[in-house]
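Thanks for coming, everyone. Please have a look at the model on the screen, and then I will walk you through it.

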Amino acid sequence: MDSKVVIAFVLVFDVVAFALAIAAEQRRNTAQVVPDSEKEYTYCVYDSDIATGFGVGSLLLLLLSQLIITAVTRCYCCGPSLRRGGSRFCVFLLLLSCWLTFLVAEACLLAGSVQNARHTRYRGFYFMNDPSCEVLRKGVFAAGAAFVALTAILSVFYYLLYAKGRDSSYRIAESAIGMNSFS
């Protein structure tokens with residue numbers, strides 16, 4: 001029962017994080033070069049900045065999901081040890097790959113949110129070129145969404161394999177060497 005609740009929470013957070021990252025990709029900023037009222041200089045006018053909020057929301061939900069998995073499994077190293085063998089090695093590989101994809105997803109979402117929030121305000125007089133209205137490149141939030149989905153899949157497999165290895169039938173004895181007192 002405990003496993004189902006943890007997986008449900010993690011999947012809900014990851015699915016919402018994925019949806020927010022896709023929404024951020026769809027609502028990226030666009031900009032137009034507009035002259036001022038006296039036609040002395042031009043400046044950039046950006047549309048809505050909602051993609052930054054979507055990106056930050058996705059980033060925070062993915063972080064919360066990863067923290068839940070880490071807390072429940074006690075970061076794999078602080079809990080009871082698992083039986084040696086293929087299952088233990090697979091759990092370790094899933095943990096590493098889960099954290100790697102998590103870091104890449106967070107980097108994409110953070111970079112996308114920061115770049116989307118950055119605006120070139122004004123530049124360019126009538127005798128100069130128009131300002132370069134920098135906007136976020138297409139695909140940054142989409143890459144973040146792809147890594148969010150991959151992180152969700154890997155974290156669920158990691159938790160399921162860890163929970164299976166944590167069962168009493170798979171545990172090794174806590175003390176392997178008997179100790180006697182010298183008195």
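How do the axes of helix α1 and helix α4 cross? Helix α1 covers residues 2–26 and helix α4 covers residues 140–166; their axes come within 8 Å and cross at roughly 175°. Axes here are lines fitted to C-alpha atoms, for helices over the stretch in contact, and angles run from 0 to 180 degrees between N-to-C directions. Therefore α1 and α4 are roughly antiparallel to each other. The cut-offs: under 35 degrees is roughly parallel, over 145 roughly antiparallel, 65 to 115 roughly perpendicular, and the rest oblique. Who sits in the contact of α1 with α4? By class, 20 nonpolar, 2 polar and 3 charged residues. Nonpolar means Ala, Val, Leu, Ile, Met, Phe, Trp, Tyr, Cys and Pro; charged means Asp, Glu, Lys and Arg; the others, Gly among them, are polar.

Some ground rules. This is a predicted model, where local features need pLDDT of at least 70 and side-chain atom pairs count only at pLDDT 80 or more, while totals for chains, interfaces and linings use all residues. Residues are numbered from 1 along each chain as its sequence is written, and side-chain values use heavy atoms, with hydrogens and water left out.

Now the overall layout. The chain has 4 helices and 3 strands. Helices (H or I, at least four residues) and strands (E, at least two) are DSSP runs, numbered from the N terminus. Along the sequence the pattern reads α-β-β-α-α-β-α. Of the 183 residues, 33% count as buried. Buried means under 20% relative accessible area, exposed over 50%, partly exposed in between (1.4 Å probe, protein chains only).

Next, the hairpin. Strand β1, residues 31–35, pairs with β2 in the antiparallel sense over 5 bridges. Two strands pair if DSSP finds at least two bridges between them. Alanine 31 has tyrosine 46 as its bridge partner in β2. For proline 35, the partner is threonine 42. The hairpin has 5 residues between its strands, and lysine 39 in the turn has a positive phi of about 60°.

Which side chains of β2 are buried? Thr42, Cys44 and Tyr46 point to one face and are buried.

On to single residues. Serine 58 is in helix α2, residues 50–72. Serine 58 is buried, at 0% relative accessible area. A polar atom of its side chain lies 2.7 Å from the backbone oxygen of alanine 17.

Alanine 163 is in helix α4. With 9% relative accessibility, alanine 163 is buried too. Alanine 163 and valine 91 are 72 residues apart in sequence, yet 9.8 Å apart in space, C-alpha to C-alpha.

Glutamine 115 is in helix α3, residues 86–117. Glutamine 115 is partly exposed, at 22%. Its C-alpha is 5.8 Å from that of leucine 136, 21 residues away in sequence.

Last, the record. UniProt, in an unreviewed entry, places "transmembrane region" at residues 56–77, 89–112 and 140–161. Those positions use the numbering here, feature names are shortened, and annotations may be inferred rather than shown by experiment. In the model, residues 89–112 are 100% helix, with end C-alpha atoms 35 Å apart. Residues 140–161 are also 100% helix, and there the ends are 32 Å apart, C-alpha to C-alpha.

Terms used
A polar contact is a pair of N or O atoms within 3.5 Å; within protein, one must be able to donate a hydrogen and the other to accept it, and residues adjacent in sequence count only if both atoms are side-chain atoms.
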